[in-house]
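Hello,

Here is the structure I am handing over to you. My notes on it follow below.

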Amino acid sequence: MVNDEKFVEDIVDQDDNFSMWYNQVVRKAELADYAPVRGCMIIRPYGYALWENLQQRVDARFKETDVQNAYFPLLIPQSFLQKEAEHVEGFAPEVAWVTRGGGEELEEPLAIRPTSETIIGNSFSKWIQSYRDLPLLINQWANVMRWEKRTALFLRTSEFLWQEGHTAHRTAEEAEERTRLMLDVYRAIAEEDAAIPVIAGRKSENEKFAGALRTYSIEAMMGDGKALQSATSHNLGDNFARGFDIQFLDADSQRKYCHTTSWGMSTRMIGGLIMVHGDKSGLILPPRLAPYQVVIVPIWRKEKEKDAVNELVNRVEKMLKGKVRVKVDRSENTPGWKYNEWEMRGVPVRMEIGPRDVQNNNVMLVRRDNRVKESVSVEALEQRLPELLEEVQRALFQRALEFREQNTYSTDSYDEFKQIIAEKRGFVRVKWAEDSAAELAIKEETKATLRVIPFDQPEGGVQGKCIYTGKPATCEAIFARAY
């Protein structure tokens, strides 16, 4: 920036109060606001543009795996939820019900969807008759409602936007392959598009999705060291197929139950973006998802300089249109105010164009992630700017990865484990015997939860004893405090 003067109201320092910093950034950057309905949020245009960019990339990746989009009703009959006992028990505290319509009591209460396994399972039972109808690969973009008691913008709201994929398969092996495939799609989205390094693996029995055979997730470390479950993929076995009679006639003329999966990513990912990349000045957005990749700030002091500056600004804007997402700030605010405003909004690159740039046929590029400046000729801009955006994208991922590595610990001592959780931030990787009672005890004693059992396990298996029970360890697991 030209100087240290602050033209935009200060944001609290992350180290002083990370939660307050997060809420201030969300609102000051105009990503979202509180709704008049408790626990809900209003996604503002800048925040929704961020969601649209994420949505487009997610949707394209899904379609590369032959998934098709559909849409299912918001309201789900109570009888549907009751068909899968474990599932309804898992969601019962969060379900919102509609009991009246048109001024009359409904014959059957209707749930506002907390998730759609049941209503989609009902449709699958009608659509699938033969093995030739399989696999059936469906995704829907929708809103869901879960009556949350403690809420935070983007991270946990009663109503949120997401996609939920649902598939049906001929064999258990095919279902498992699809479950793992979609988790890898999520990993690619997080790491390549959002520049967020994640750890992929399996959830514990305590943490798996209600009614699932197995749940897999990607876990990311936020800027305060807490974990964020960023997406999940569930192998449902034939549990839902049996509940909703999803059968098919196989090639051997035997009727068999399908094996189904479900998987989802929500607007929670935007919260992750903010907390992983943001700094004391506000947002830092990865170029592949940023609503504006470049903001152009015209600069002049004398009125006679204005026309020449604007002429170059217009020429550059026209040159870049369709190649990068560009915004020209033509507001009446001072250049210093604009620098601070767009820095707070996280635009990856600021382009300054002033009288000296006009004379030299150059522009000044300033990176948001490290504030490094670079003078580039107008002729070289079409080539250099996309390169620079990719450099920023890679740098954000690398910085987040280094932060995670610096804040990941290993220990064989439960006393040291408790000390790390209490005094430090980050992940703790330990030897584990997959004991559900021990897991609950650790949560009660430390407020840390088992986030994931990573796919990345020691070669040749785990040697040693479980950190809590002393039993022979069966795997390594990652614990952390989490959102």
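What pLDDT does the chain average, and what share of the residues score at least 70? The average is 95, and 97% of the residues reach at least 70; pLDDT is the predictor's confidence in each residue, from 0 to 100. This is a predicted model, in which local features need pLDDT of at least 70 and side-chain atom pairs count only at pLDDT 80 or more, while totals for chains, interfaces and linings use all residues. Residues are numbered from 1 along each chain as its sequence is written, and side-chain values use heavy atoms, with hydrogens and water left out.

Over residues 1-7 the pLDDT stays under 50. For that stretch the model has 13 contacts (heavy atoms within 4.5 Å) beyond four places in sequence.

Next, the cores. A nonpolar core is a set of buried Ala, Val, Leu, Ile, Met, Phe, Trp, Tyr and Cys residues joined through side-chain atoms within 4.5 Å. Buried means under 20% relative accessible area, exposed over 50%, and partly exposed in between (1.4 Å probe, protein chains only). The largest nonpolar core has 55 residues, and Leu-31, Phe-154 and Ile-274 have the most contacts inside it. A second, separate core contains 24 residues, including Phe-209 and Phe-244. Leu-31 touches, among others, Val-26, Tyr-46, Phe-154, Ile-274 and Leu-283, leaving aside residues up to four places away in sequence.

Then the charged pairs. The structure holds 39 salt bridges, each being a side-chain nitrogen of Lys or Arg within 4 Å of a carboxyl oxygen of Asp or Glu. One of them joins Asp-279 to Arg-368, with the closest N and O atoms 2.7 Å apart. Asp-279 sits in the loop between helix H8 (268-277) and strand S15 (294-298), and Arg-368 in the loop between strand S18 (362-367) and strand S19 (373-377), so this pair ties together parts 89 residues apart in sequence. Helices (H or I, at least four residues) and strands (E, at least two) are DSSP runs, numbered from the N terminus. Asp-279 is buried at 15% relative accessible area, and Arg-368 is buried at 3%.

Another salt bridge is formed by Asp-415 and Lys-418 (3.8 Å, N to O). These two are about one helical turn from each other, because they are 3 residues apart in helix H13 (residues 414-423). Asp-415 is exposed at 55%, whereas Lys-418 is partly exposed at 34%. Elsewhere, salt bridges that share partners join Arg-367, Asp-369, Glu-374, Arg-384, Glu-387 and Glu-391 into one network.

Regards
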